[in-house]
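Please read it with both chains in view.

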Amino acid sequence: MTQQMDSTIQAEIQGLAERYDQEGLQGLSELIAERINRQQATGNSIYLLTTFTLQPLVGNLDRWPKNASINNDWIEFQLEINEQTSETHVARAKIFRLPGKYGLLVGRDIHQLTEAKRRIIQALTWGLAIMVMLAFLGGIVLSRRTVRKIERINQTTQSIMSGDLSRRVPVTDRNDDFDQVADNLNQMLDRIQMLMEDIRRVSDNIAHDLRTPLARLRQHLEEARLEEDPSSKSAMNLEQSIKEADSLLGTFNALLRIARIEAGQVRAGFGDVDFHSLLEDIVEFYEPLIEEKNQTLETTIDANIVSQGDRDLLFQAFANVLENAIKYTPDKGNLSVSLIRLNTELVITIADNGPGIPASERDKVFRRFYRLDQSRSSSGNGLGLSMVSAVVSLHNGSIDLEDNIPGLRTIIRLPMMKKKA
Amino acid sequence: MRVLIIEDDEATAAYIHKGLLEGGHSADTATQGDHGLTMASNDNYHALIVDRMLPVLDGLTLISKLREAGNQTPVLILSALGDVDDRVEGLKAGGDDYLTKPFAFSELLARLEALARRFSAEAQETVLTAGDLVMDLLGREVKRGATVIDLQPREFRLLEYLMRHSNQVVTRTMLLENVWDYNFDPQTNVIDVHISRLRGKIDKHFDTPMLNTVRGAGYILRATKA
């Protein structure tokens, strides 16, 4: 725009210079005056013709601008528009020396031009800012949507991992990439669920197929025993055989039960559990046994702790741990049971000052049928702690075995769970 | 006691049948769910033994149908599945007790008698008597003859259960479920220790012991009719 203006000014000066050449100072003055008159309405052209000493002769500028050189040059200067408000505009002009040393200045008030430029730049800046903002907002919205979709998939997979195999990732009808991922996930889950059901069916069948003959065996033994004289030797043998059959069945049931708990198939038993009274009940239940071994038991059980869980399974788990503590701690030993709430976590600690478990063995004791060398001779089926571990993970908790110096400290942490709405 | 056995495994049905007859009870057998439902609806049994898995009509549906029709005959559910879930489901469907196969016949009989008795003795008693044992449920006081026996709360509940089922075998699992109210499986002989403590309190200074152990089955509180 400036270039275009400059060439107009240049052309104008050329014209004026030619007029001067042809008609002299008089002709030039007339032409300038005529031009000033003609453009009065719009009024952004500036003309000034001066003497050699820069005294104004004709023009709509009352004096030669300060600081302006007198060479043929482009200048920019402040143009006074209104004396009262001292409002000024920027003007751009070209200075031309006419032959005879007259000074000619032709210019334009470029206020509108700079204003327009400013506006354009402003508009461009705002436009850009808005564009960036829109892009940013759009990005947030899009990524939020994406994150939400991923979150939904995440939630579903989490609840599936915690055992609820019937859940599926929601699929929309947009059929985008996420839907395809969800669809594939769902197909995979269908397949897993089918396999799990197969396994369950197989284990149920094994349970049924092996337990039924065992049960018959037990029945026959029982019938045979009833026919014997209770004090006879064969009655005692039969009694012993029944006990063996019972322990075999017990082991079998425990195995199946652990498998079911680990597969997360027993959640229907979940309800509000008052952990305070649960632990009080366990302590009370084992108290005679502790007394019989002259052991002491210290309890610190916080009141008012209610969380979701399966009370029978939790009772079984805590009972197994306490039972082990009683069993393996020698007479006159010390035991302790504590329940505290730490923020959103329940911490149940059962400790003793018995022989403890060597650090290298601590992970292994949760394996099925694993028994420490020194405990092989004592009763038990080697499934007690496997059961504990299964129950604890069913409740999304964790279990740690630590050295109680001396003895064993079992720490079970369970997250507080609120009832699902 | 008249009992209806609804069980498709003939060996098990025969075993239960035989045991019941030997115990002085009478029993009928149905091997299909629908037949069982008809028989239970048309006749007046003291108790039903229902297998969970039955041909034509499964055990749980059978019980629900029976309950919907207003039939309140006590039901003992038998099942080869023995997990908490199954138990909860069974009791929700309207069963009164749940027993997992394989079971000792003594356990079945003990539970059946407990069920039948619970339903016949509907009136709320405030005083229980068994032989010369008297339990005042309101005053929380127990006497044997003229001697007051001091019991802990749990011992009181244990004795109460034994007295309500006097002259009847109660098993360890029955005690766990009814006195301690937990369904679980202790690895040790804790129940025996509890019983021997109670025995120490009620039998120690008396000539005739009332609380006896039944080998391979459980315990019995023997009360000679005064």
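The points below take the two chains in turn.

1. This is a predicted model, in which local features need pLDDT of at least 70 and side-chain atom pairs count only at pLDDT 80 or more, while totals for chains, interfaces and linings use all residues. Residues are numbered from 1 along each chain as its sequence is written, and chains are lettered from A, with ligands numbered from 1, in the order in which they are written.

2. Of the 421 residues of chain A, 26% count as buried, and of the 226 residues of chain B, 42% do. A residue is called buried if 20 or more other C-beta atoms, placed from the backbone, lie within 10 Å of its own.

3. Helix 1 of chain A (residues 2-38) deserves a careful look, since its 37 residues leave the end C-alpha atoms only 23 Å apart, short of the 54 Å that a straight helix would reach at 1.5 Å a residue; the expected span is 1.5 Å times one less than the number of residues. The helix bends by about 130° at E23(A), where the bend is the angle between axes fitted to the seven residues ending there and the seven starting there.

4. In that helix, I9(A), L16(A), Y20(A), L28(A) and I32(A) are buried. The buried residues of helix 1 pack against strand 1 (45-50), strand 2 (56-59), strand 4 (87-97) and strand 5 (103-109) of chain A, with contact taken as C-beta atoms, placed from the backbone, within 7 Å.

5. The largest nonpolar core has 103 residues, of which F318(A), L322(A) and V391(A) touch the most other members. Helix 6 of chain A (residues 311-328) gives the most to this core, with ten residues. Such a core is a set of buried Ala, Val, Leu, Ile, Met, Phe, Trp, Tyr and Cys residues joined through C-beta atoms within 7 Å. Leaving out residues up to four places away in sequence, L322(A) touches I282(A), Y286(A), V337(A) and I350(A). A second, separate core of 20 residues includes L79(A), I95(A), F96(A) and L104(A).

6. In chain B, five strands form an open sheet in the order 2-1-3-4-5, with parallel pairing; two strands pair if DSSP finds at least two bridges between them. Strand 2 (26-30) and strand 5 (97-100) of chain B stand at the edges with a single partner strand each, so one side of each is left without a neighbour in the sheet. The twist averages 20° from one strand to the next, using lines fitted to C-alpha atoms and angles from 0 to 180 degrees between N-to-C directions.

7. Four bridges join strand 1 (residues 2-6) of chain B to strand 3 (residues 47-51) of chain B, and the bridge partner of I6(B) in strand 3 is V50(B). Helix 2 of chain B (residues 33-42) packs on this sheet, touching strand 1, strand 2 and strand 3 of chain B, and its direction makes about 160° with that of strand 1.

Methods: Helices (H or I, at least four residues) and strands (E, at least two) are DSSP runs, numbered from the N terminus. A residue is buried if 20 or more other C-beta atoms lie within 10 Å of its own, exposed if 12 or fewer, and partly exposed in between; C-beta atoms are placed from the backbone. Two residues are in contact if their C-beta atoms, placed from the backbone, lie within 7 Å.
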